[in-house]
Amino acid sequence: MQKLLSTLLLLLIIVNCYAQEEVPFQIDVTELDKGLLLYHSYGDYNGNKVSANGMVVVTKDSVVIIDSPWDNEQTVQLLDWIETEISKPIAAVVITHAHSDRIGGISVLHERNIKTVSSQLTKVYALKRGFEAPTKVFHKEITLNFGDHSIRVFYPGAGHTVDNTIVYISPYDVLYGGCFIKSSSSTNLGNTEDADLDSWGKSIENMQKHFPSPKIVVPGHGNYDPGAVENTIELLGYK
Ligand SMILES: [Zn+2]
């Protein structure tokens, strides 16, 4: 009996190893506007495959990435894709908060000497959670200018996390809300483990004051149909 049990256990371990080694997640990229790309990376969240949005801004001489893919493998995929399809150097990667779906590939970025930018708070939480610290930090807001493109990273206050930031991308009039904003079809607030539910609504007001009526709002997960901000407010129970 003992032997049978240990054989079974061994079999289970082997099956499990194979299961984990299954096909790695594959990123995909779509064009949102000329020079503005939306990419999806994937992660396992409580046994479910979840997609996360990130962006690639193609400026005249370089590329800026908003959020790292979920893990190292997919970060390598994204960097390879950019090298093949765009062939411009990566000027910076903005990290909008210190969760894996935003910062998961930071060590690969640093290995390749790519500059990473985040708020000071995100740096603090990155280190707390065992990630490498972003190389450049700001406090409330930073604007990265590249010719006709400007990328404004803004801290609206706590929400999905204490450190979440949002990014306004000119000239597209696109506001990338990251996980601070839920998609219009989200039916819940997602992962609220590190959320500040009491401050979230006030922080959205700050966002709206700062960026009153962007053409498109891109949430951290899901589609970018209109109504994302309104739905987030509703999910928070403010209405
Ligand atoms: Zn998050």
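Student: Which order do the five strands of the open sheet take?

Tutor: Happy to start there. This is a predicted model, where local features need pLDDT of at least 70, side-chain atom pairs count only at pLDDT 80 or more, and totals for chains, interfaces and linings use all residues. Residues are numbered from 1 along each chain as its sequence is written, and side-chain values use heavy atoms, leaving out hydrogens and water. Strands (E, at least two residues) and helices (H or I, at least four) are DSSP runs numbered from the N terminus, two strands pair if DSSP finds at least two bridges between them, and here the pairing is mixed, in the order β8-β9-β10-β11-β12.

Student: Why is one side of β8 and of β12 left without a neighbour in the sheet?

Tutor: Look at the edges, where β8 (141-146) and β12 (216-219) stand.

Student: What angle does the direction of helix α6 make with that of β9?

Tutor: Axes are lines fitted to C-alpha atoms, for helices over the stretch in contact, and angles run from 0 to 180 degrees between N-to-C directions. Contact means heavy atoms within 4.5 Å. Helix α6 (residues 197-210) packs on the sheet and touches β8, β9, β10 and β11 (174-178), and its direction makes an angle with that of β9 of about 155°.

Student: Which are the edge strands of the open sheet of seven strands?

Tutor: This sheet has mixed pairing and the order β1-β2-β3-β4-β5-β6-β7. Pairing on one side only, the edge strands are β1 (28-33) and β7 (136-138).

Student: How many bridges pair β5 with β6?

Tutor: Val-93 stands opposite Thr-116 in β6. Strand β5 (residues 90-94) and strand β6 (residues 116-119) pair in the parallel sense, and the number of bridges is two.

Student: Which residues coordinate the zinc ion?

Tutor: Donors are N, O and S atoms within 2.8 Å of the metal (3.2 Å for Na, K and Ca), and water is not among the atoms, so sites may look incomplete. In sequence the donor residues are spaced H-x1-H-x60-H. At 2.0 to 2.1 Å, the zinc ion is coordinated by His-97 (NE2), His-99 (ND1) and His-160 (NE2).

Student: Are His-99 and His-160 buried or exposed?

Tutor: His-99 lies in the loop between β5 and α3 (100-103) and His-160 in the loop between β9 and β10, 61 residues apart. Relative accessible area (1.4 Å probe, protein chains only) under 20% means buried, over 50% exposed, and in between partly exposed. Both His-99 and His-160 are buried.
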